[in-house]
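Here is a short briefing to read alongside the model.

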Amino acid sequence: MTWSKINPMRGSGILKIIKLTLCNFKNYRGENHFDFSVSPDKNVVLIGGMNGSGKTSIPEAIRLCLYGRKLNGQMINEKKYEAYINDMWTRGEEKKNMQISLDVAVDENIRTTVITVSRTFKKKGDSVEEKLTITQNGRELELIDSSYWEHYLRKLIPIEASRYFFFDGETIRSIITSSDHSDYLLMAVKDLTGISELDVLRDDLLEVKKRITRANSKKEIVKKIEQFEKDVSQQMAEVGTIRYEISLLQAEKGELIKQKNDLDDKFNRALGTKEEKNNKIKKEIEHQKSLYAELNDYVQSYIQSSGHILVCSDLIKKMTEEAKKENDYFAFSFSRERIEERKGAILERIKEICGDPVMYSKIEAIFSEELSGFPEYTGQPILDLTHRQIEVIKGEMLSREFELDEFISQLRKREGVFIEKEKLQKALSKYSDMSLDEFESALQKFNSSISEINGRILEKEIKINTAQQTIQKLRKMISEEEKSLILSTRDKHAIGIVDDVIDKIMIQTALMLSENVDLFESNVNEMYSLLKNKKDMVTNIKIDRDMRIHLRGSSKKSISVEWISEGEKSILMYSIMYGLVKLSKKKMPLIIDSPLGKMDSTHVEKIVSNLYPSLGNQVILLSHDREVTWEVIPLLEPIISRKYLLTENKIKIKEGYFK
């Protein structure tokens, strides 16, 4: 069999994955087979599994099988690649071979060709031996060198395109709705439309220009330029490494978001009630907690401001009684002294008036008796308070007693709120093994971890920006040094031709990018109009030349992505991915991990009926049971070709779905 007979450079046709075999790869112990055959009217394969069951391992295995050391788009150095392979081995099966085999069918106008790619890994001491085998329709392609396979595969399933055809819904949703989505979309449009190849051609021509300018030039200048170029290469390598680290962080962030959403779904599901009732219970608990906090603040404030007065209330009462006695004694004492002073004069006048000695004696006896009836105060005066001061103190204490009644009332109310909150918590605990406080604490931990990853991503993006600025400075220095090179007429002519071609490439790149951005925007809006609900905020999506997404409402006002619901974020992500797939014109399988996320039933129904049938000839969904639920299955059933369930049992892959 010769290369020309199977050379796909003629046109890739329609590509489908027929079969995937995994042997001792991650948690796929022994041989495990997936039949991915589909038909035109049943283009969906549904694979269900809990977290950690091996769903994400499927696209990872396909990438490894197809691209080997280039599985991430760039050549991984041998040491890191070997460490990666060792990490992929099923625990306890290191003495056995690890193998990944993939059968793909290429449907062209006249015939269908089945290509089988198989990678076998075998441990040899501390190293790993890898063998790549390629067959066509069951016959090994002996004359095809492995270097040819890279070109063959680039046309069949481009590495660049695979990033957008094999994707994690949570991760892409996170990128699309983040502030750095423009870089992702620009790279996607370039990769899927061939603009990236023009960028490669431009770089190759720049390399040709470099060689021409230095062939017959001064060695010291060339050496200086070469050092600058070496620095540029180091900076670019650093940028590549950082971008790879960012991709790992994005994947980690996507996994955390997925786990957070799973936790939220699990908690709501455990309650066994509808979402509206769950939210009502949660809101009531939040209200009770808020009310309890308010009452608790009042109680603490009252105790701090008036507690010492309450403690001393009996003492203050005794003090006012004692002060009253003092006050009464001094008042009566003063009155008696005045009467005693006037007693003789008064009696003399009575005696003169009545002239009766007997009557006089009786009146004198009454005076003595009345004066002797004044209260006595035996103590020494201490407080020395006026009557008005005593009344003020007594009034203050009366006011405090009223406050005390209010305080006791609020204290009892606080205890009642606490009891009501505890009742609600117990009601929830009947349905869930996690209390609301524990649930909120777990969510907070996820949010903190996601925020921390965002911070790390931002730090790395700043490093990339700094490195790119350094690269620009170095290239400017290279350009300045190149001006001093002495060139022959022939070399100048050749450089002129190269510059002319580079200029044409730059113009063509700009034109292609402009045209494809417009087409991409149209594709995105086409799908979004089919997926959105009437109540959704977004009515139109605008994508500018910098690949930034702008959401517009019915009044054409700008809408922040933070304002839209989780369901709207999901259909935005799907509309973007649909726009990219349609833009690429590639007819490849789509593998979607976490396909639905957190969406309401209406959005789900529209995705199932409008998106999946038109998304591609083959769609493989990797789902948790809380995404594609049994309520969704009837909607999907007409387009499902096969269903699988991943288990933790000895038989890893079972036909069917969650029960």
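H17 bends by about 35° at Ile607, where the bend is the angle between axes fitted to the seven residues ending there and the seven starting there. This is a predicted model, in which local features need pLDDT of at least 70 and side-chain atom pairs count only at pLDDT 80 or more, while totals for chains, interfaces and linings use all residues. Residues are numbered from 1 along each chain as its sequence is written, and side-chain values use heavy atoms, with hydrogens and water left out.

**Helix H17 and its surroundings**

- H17 has 15 residues and reaches 20 Å from its first C-alpha to its last, close to the 21 Å expected at 1.5 Å a residue (the expected span is 1.5 Å times one less than the number of residues).
- Buried residues in H17 are His603, Val604, Ile607, Val608, Leu611, Tyr612 and Leu615 (buried means under 20% relative accessible area, with a 1.4 Å probe and protein chains only).
- Among the elements covering these buried residues are strand S3 (44–48), helix H15 (489–531) and strand S13 (619–623).

**H16 against H17**

- Helix H16 (residues 566–584) packs with helix H17 (residues 601–615) at an angle of about 10°, their axes 12 Å apart (axes are lines fitted to C-alpha atoms, for helices over the stretch in contact, and angles run from 0 to 180 degrees between N-to-C directions).
- That makes H16 roughly parallel to H17 (angles under 35 degrees count as roughly parallel, and 65 to 115 as roughly perpendicular).
- H16 contributes residues including Ile571, Tyr574 and Tyr578 to the contact, and H17 contributes residues including Ile607 and Leu611 (contact means heavy atoms within 4.5 Å).
- The residues of this contact divide into eight nonpolar, three polar and one charged (Ala, Val, Leu, Ile, Met, Phe, Trp, Tyr, Cys and Pro count as nonpolar, Asp, Glu, Lys and Arg as charged, and the others, Gly among them, as polar).

**H7 against H15**

- Helix H7 (residues 181–193) and H15 pack at an angle of about 105°, with axes 11 Å apart, and are therefore roughly perpendicular to each other.
- Leu185, Leu186, Val189 and Thr193 of H7 meet Met512, Leu513, Asn516 and Phe520 of H15.
- This contact has six nonpolar, two polar and no charged residues.

**The whole chain**

- The chain has 18 helices and 15 strands (DSSP runs, with helices being H or I of at least four residues and strands E of at least two, numbered from the N terminus).
- Of its 659 residues, 43% count as buried.

Key. Angles under 35 degrees count as roughly parallel, over 145 as roughly antiparallel, 65 to 115 as roughly perpendicular and the rest as oblique. Buried means under 20% relative accessible area, exposed over 50%, partly exposed in between (1.4 Å probe, protein chains only).
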